[in-house]
Structures are given as C-alpha cells and as structure tokens.
Amino acid sequence: MSIVEKPRGTRDFSPAEMHGRDYVEGMISRTLETYNYRKILIPTFEHAELFKLKSGEEIEEHMFVFKDKANRELCLRPEATASVCRMFSGELQMMQRPLKLYYSCPMFRYEEPQKGRYREFWQMGVELIGAETPESDAEVISLASECLKKLGIEFKLEINHLGILRGVLDDLDIKGEKQDKALALIDRKNFEELKKIADNGNFFELIKLTGGRDVLENASSLLNGCVAGMEASGELGQITSWLDAMEIDYIINLGIARGLAYYTGTVFEIRVSELGAQSQICGGGRYDDLIGLFSGVKTPAVGFAFGFDRVMNATELQKIEIPEKKTDIVVAPVSADVRIDAAKIASKLRDNFIVDFDLMGRKLGKILEYAGNIGARYVIIVGSEDMKNNSITVRDMGTGEQKKVKIENVEMAIKKILL
Ligand code: HAM
C-alpha cells in the first residue's frame, strides 16, 4: 500500500468531471423540485444496527463496519432509505403528509470494484412518506423516468409487485427469512438454489413472465387462486393504468425481486443496456413496514435511488451532450503599473461574468496563449497608454478581432455579445 494510491473502489474527480456531475445533478434536482420534493441530508455514518434491522443480506454483507472509541459499532451508510426512516421517526413525524424528500450523497459498500461498481458511490434518491394510493407509486416511478428523459438518456423500466411473489410463497408455506432468501435468489437469478427452497413449476413459470399488461392476465392462471397474489396483481394493474395515463413506458417483469429485504409492494428497476454487467441505474419500490420498525406506527412509503455514477456512465456511453464550462474573460495587464487597475476591472466584471485574471505576471503573448488553452471567449487587454484614456482593448478569441472600448462601456459591450 502506498499513500499516493487511492483506497480500492474510490475515485478522484477532475474539474471537467465535476462540471459534468454538477450539471447532471442540477438537472435531476430541478426535476425533483418541480414535483415538490425537498432536499435533506443524513449522516455519513450510522449505528450499524440500523441497517441490520431490515435491509437484508445483500446490504449487511457489504457494510463498512467499525468501532468508535467508546466501542460502539458504527458503519458508513450503505444506502439512505433506513436513515431517512430513522430521521422521519424522530423529528419529521409531525410534518404535513405526504412528505416528499430527496437526497444526493455518497454511499459505501465493500464490493468487488469494477466499471460501474465502486466502494464509494453516489446516489440521488427520493422517499415519499405517508401516501399509499396507486398514484403515489405511479408518481415516484414517473419521476424517475422523467429525470432520465430530461437528460436524454434511453432506458428500460421494469416493474413488479412483491405482493404477487410473497403471496404465492406464503401459499407454498415458504415464509419469514426463508421467503426473503427466496426473493434474494430471484434477484440474483440463482434459479438452482431457488429450486432447493421453492420447487414449484407454476412459481418458476410466474417469475419468468415479462411483457405488457397481458402479463397480469397470464399470471392469474398461475396464481392458483392465491388471494394475496391476486390482490397485488390488481394493485399493479391500477398503478400501470396511472403510468399509461402519464404516458410512461414500462415492462411488467414478475421476476424483479430487488436485493433489499424491506420492500412490501411495487418494485421497479431501470436499466441502460450499454452499461453491460452494471446496467441497473435505478432501483426502488414500496416499503410499508420499515418506518413502523423504528416508530412503532405503520407508515406507508415508496421511493427509489439512482446510482448516480452509473447515470454519469450512461450519459457518456449514449453521448449525451453536456454544455461545456466556458471562461468568459481573461483580464491581461500588459505591464506592472496597470496590474491593480486591471484587477479592479476583473473584480467589477465578476458581477456578471466568469473572469480569470493573470496571476503569473506573464507577457501578453503568453497570456493570450493561456486564454486560448483554457477556451476563454475574450481577453481584456489593459495597457498603460489605454488606461490614460480610460479605455481597454477587448480581443475576441474566436475571431482574433480587437476593439478599443471605454472602461465604463466594457460591461455593456461584452454583455451584448455574451448574455
Ligand atoms: P439499491 O438497488 O441497492 O437500492 O441501489 C440503488 C442504485 O444504486 C442501484 O440501482 C445502482 O445503480 C446503484 N448502486 C448500488 N451499488 C452500487 C455500487 N457499488 N457502485 C455504484 N452504484 C451502485 C437502494 O439503495 C435503495 N435504498 C433504493 C430505494 C430508495 N428504495 C426505496 N427508496
């Protein structure tokens, strides 16, 4: 191990990468805010117990757990839903419902790093608390879809209702932890192991059903009169009717089970095929029993999280154009005696423009070279002769044209072209 090496699964982000990430984060945040979701922040580390309660094996196996100096067992947050439920059960319980929250922060999972799978990765997620109507599921699903559409990303959205799978498993007398295990195996597509727990032909046929709304009709014959399963299928029918009305494209896939154990109803995943093995850029669903574990009061909730790094990888692979970050102006003092005046001009211009000032005491030729290299649109050349007449020279870096302008008119002159 060397101190100049990053820990496995972590990354540095260059200014250009951060520009892209901020742009995409801004687009998603703005979309979430138009649906009236409000931003929150949760701690980077929590009591490890919080995630052991109901997040499931997949999360528990991959947690970064450590002891503090008082021997308390803590962990870096592997996901945010359990934290948001903890937060809700404390200070947010009295707030007006439904409560619409979103977050954007790094998560930590001790996984085998590869492209699209990191030990430190970012999620942007949404939790809608206190609403249990089909339209609330539909809103959350359409919100995820809308964010990606705004970015111009092409994707595939798949939906299921865990009530269907849980209902059938209950009827097969596969309950409790064994049931959670069966769902985790469906999520990992480990059908060999699944067969050892749930060796039932109809069940295997059911989890292979995928397609449009006809899937629900085909499912009914395989449900063998399972009341809970039929009810869940009916709910999924209502939710998809809402999605149809909102013109959201989706595929019903009865094999979607999700890797987390707290889901109780609708579950959905969004994939971008170009991403290969790590194609899932978003996952979510309804978890009506999780908040009750913390607060003692059953409270319905539904949400999702984007894997933000995978969203970024998708923009790259699908060649989504991200507007370049431009430097508007570089202010270039030609000689030492005008440096302070030039700095003052730069400072004034910063009210409206992105302005760089030569800090290296370079000759004009070198400053022009620098301005060209960083893609600046204008250079304001400040010379001592010009300053005597209260004027400066504006050079258009695109055309090479130069124009003398009175200092008081500089802002106006550049504004006319740039704003
Ligand atoms: P999740 O499916 O575990 O769900 O994670 C959500 C998204 O985070 C995944 O779809 C994936 O894009 C991304 N992700 C997961 N692990 C990694 C990793 N190691 N590297 C890069 N990206 C990763 C949750 O975390 C739930 N809390 C979502 C939710 C919110 N459900 C309801 N509300």
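Leu162, Leu165, Arg166, Leu169 and Asp170 of helix H6 meet Gln179, Asp180, Ala182, Leu183 and Ile186 of helix H7. By class, this contact between H6 and H7 comprises six nonpolar, one polar and three charged residues. The model in which this packing is seen is a predicted one. H6 spans residues 162-171 and H7 spans residues 176-187; the two pack at an angle of about 130°, and their axes are 11 Å apart. An angle between 115 and 145 degrees is neither roughly perpendicular nor roughly antiparallel, and H6 and H7 are therefore oblique to each other. Their crossing is right-handed.

Lysine 189 has a positive phi, near 55°, although the residue is not a glycine. With a relative accessible area of 53%, lysine 189 is exposed, because the limit for that class is over 50%.

At 45% relative accessibility, asparagine 36 counts as partly exposed. Most residues other than glycine have a negative phi, and most peptide bonds are trans. An exception of the latter kind is the cis peptide bond that joins arginine 97 and proline 98, with omega at about 0°. Proline 98 is located in the loop between helix H4 (81-92) and strand S5 (99-108).

In helix H10 (residues 214-222), the buried residues are Val215, Leu216, Ala219 and Leu222. These four cover an arc of only 105° around the axis, so they lie on the same side of H10. The face turned away from that buried side carries the exposed residues Glu217 and Ser221. Among the elements that cover the buried residues of H10 are helix H9 (201-206), strand S8 (210-211), helix H11 (227-245) and strand S9 (251-253). After H10 comes asparagine 224, whose phi is positive, near 50°.

Helix H14 (residues 339-349) has Ala342, Ile345, Ala346 and Leu349 as its buried residues. They cover an arc of only 100° around the axis, which puts them on the same side of H14. On the face of H14 turned away from the buried side, the exposed residues are Ile340 and Lys344.

Terms used: Residues are numbered from 1 along each chain as its sequence is written. This is a predicted model: local features need pLDDT of at least 70, side-chain atom pairs count only at pLDDT 80 or more; totals for chains, interfaces and linings use all residues. Side-chain values use heavy atoms; hydrogens and water are left out. Axes are lines fitted to C-alpha atoms, for helices over the stretch in contact, and angles run from 0 to 180 degrees between N-to-C directions. Angles under 35 degrees count as roughly parallel, over 145 as roughly antiparallel, 65 to 115 as roughly perpendicular and the rest as oblique. A crossing is left-handed if the near helix is turned anticlockwise from the far one by less than a right angle, and right-handed if clockwise. Contact means heavy atoms within 4.5 Å. Ala, Val, Leu, Ile, Met, Phe, Trp, Tyr, Cys and Pro count as nonpolar, Asp, Glu, Lys and Arg as charged, and the others, Gly among them, as polar. Buried means under 20% relative accessible area, exposed over 50%, partly exposed in between (1.4 Å probe, protein chains only). The arc is that of the directions from the helix axis to the C-beta atoms.
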